[in-house]
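Hi everyone, thanks for making time this morning. I'd like to walk you through one model, so please have a look at it with me.

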Amino acid sequence: MTLAPGFFAQLAGISATGAGLTDLRALYGGSQIALAGFLFWCDLDQTRHAAGLMALLFFCSDVAIVRSFGLLLDADFAAYQLANLSIEIVAAVAVGSVLLR
């Protein structure tokens, strides 16, 4: 259930209760909902398509870069983290190639 992030926290190796779960909801759920809303808004008008793609490029690239640093600093290469990193890199490359067309 999206309102109960405990499952995803456990997948990511995060132990959270109380305020920690609230923070997970706000940061993970909130930021992704906000990005989705912005991308939807950009899709409503063709003149905003490039702005939406640029936002998605920055978002995916930033998360991939920060995740990479975290993996290197913590030396914990869990399959869940590597799968997310792969998705973020592929998404950033795909969006970047669309922007370069």
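Before we start, one term: when I say two residues touch or are in contact, I mean that they have heavy atoms within 4.5 Å. Please keep in mind that this is a predicted model, in which local features need pLDDT of at least 70, side-chain atom pairs count only at pLDDT 80 or more, and totals for chains, interfaces and linings use all residues. Residues are numbered from 1 along each chain as its sequence is written, and side-chain values use heavy atoms, with hydrogens and water left out.

Let's begin with the overall layout. The protein has four helices and zero strands, so called because helices (H or I, at least four residues) and strands (E, at least two) are DSSP runs, numbered from the N terminus. Reading from the N terminus, the order is α-α-α-α. Of the 101 residues, 20% count as buried; here buried is under 20% relative accessible area, exposed is over 50%, and partly exposed is in between, with a 1.4 Å probe and protein chains only. Among contacts with a separation of 6 or more, 41% come from residues 24 or more positions apart.

Now to Phe-38, which sits in helix H2. Which residues does Phe-38 touch, not counting those up to four places away in sequence? They are Ala-51, Gly-52 and Ala-55. Phe-38 and Ala-55 are 17 residues apart in sequence, and their C-alpha atoms are 8.7 Å apart. Phe-38 itself is partly exposed, with a relative accessible area of 32%.

Next, helix H3. This helix has 26 residues and reaches 37 Å from its first C-alpha to its last, close to the 38 Å expected at 1.5 Å a residue; the expected span is 1.5 Å times one less than the number of residues. Its buried residues are Gly-52, Leu-57, Cys-60, Ala-64, Arg-67 and Leu-71. What covers them includes helix H2 (19–43) and H4.

That brings us to the packing of H3 and H4. Two packed helices are described by the angle between their axes and the distance between the axes. H3 (residues 49–74) and H4 (residues 79–100) pack at about 150°, with axes 8 Å apart. The axes are lines fitted to C-alpha atoms, for helices over the stretch in contact, and the angles run from 0 to 180 degrees between N-to-C directions. The residues making this contact include Leu-57, Cys-60, Ala-64 and Arg-67 of H3, and Leu-85, Glu-88, Ala-92 and Val-95 of H4. How do the residues of the contact divide? There are 17 nonpolar, five polar and two charged. For that count, Ala, Val, Leu, Ile, Met, Phe, Trp, Tyr, Cys and Pro are nonpolar, Asp, Glu, Lys and Arg are charged, and the others, Gly among them, are polar.

On to the charges. Side chains of opposite charge can pair when their charged atoms come close. A salt bridge here is a side-chain nitrogen of Lys or Arg within 4 Å of a carboxyl oxygen of Asp or Glu, and by this rule there are two. In one of them, Arg-67 meets Glu-88 at 2.7 Å, N to O. Arg-67 lies in H3 and Glu-88 in H4, so this pair ties together parts that are 21 residues apart in sequence. Glu-88 counts as buried, at 11% relative accessibility. Arg-48 forms a salt bridge with Asp-45, with the closest N and O atoms 3.9 Å apart. Asp-45 is partly exposed, at 30%.

Last stop, the loop between H3 and H4. Ala-75 is in this loop and has a positive phi of about 50° although it is not a glycine. Is Ala-75 buried or exposed? At 56% relative accessibility, Ala-75 counts as exposed. Ala-78 is in the loop too, and is partly exposed at 31%.
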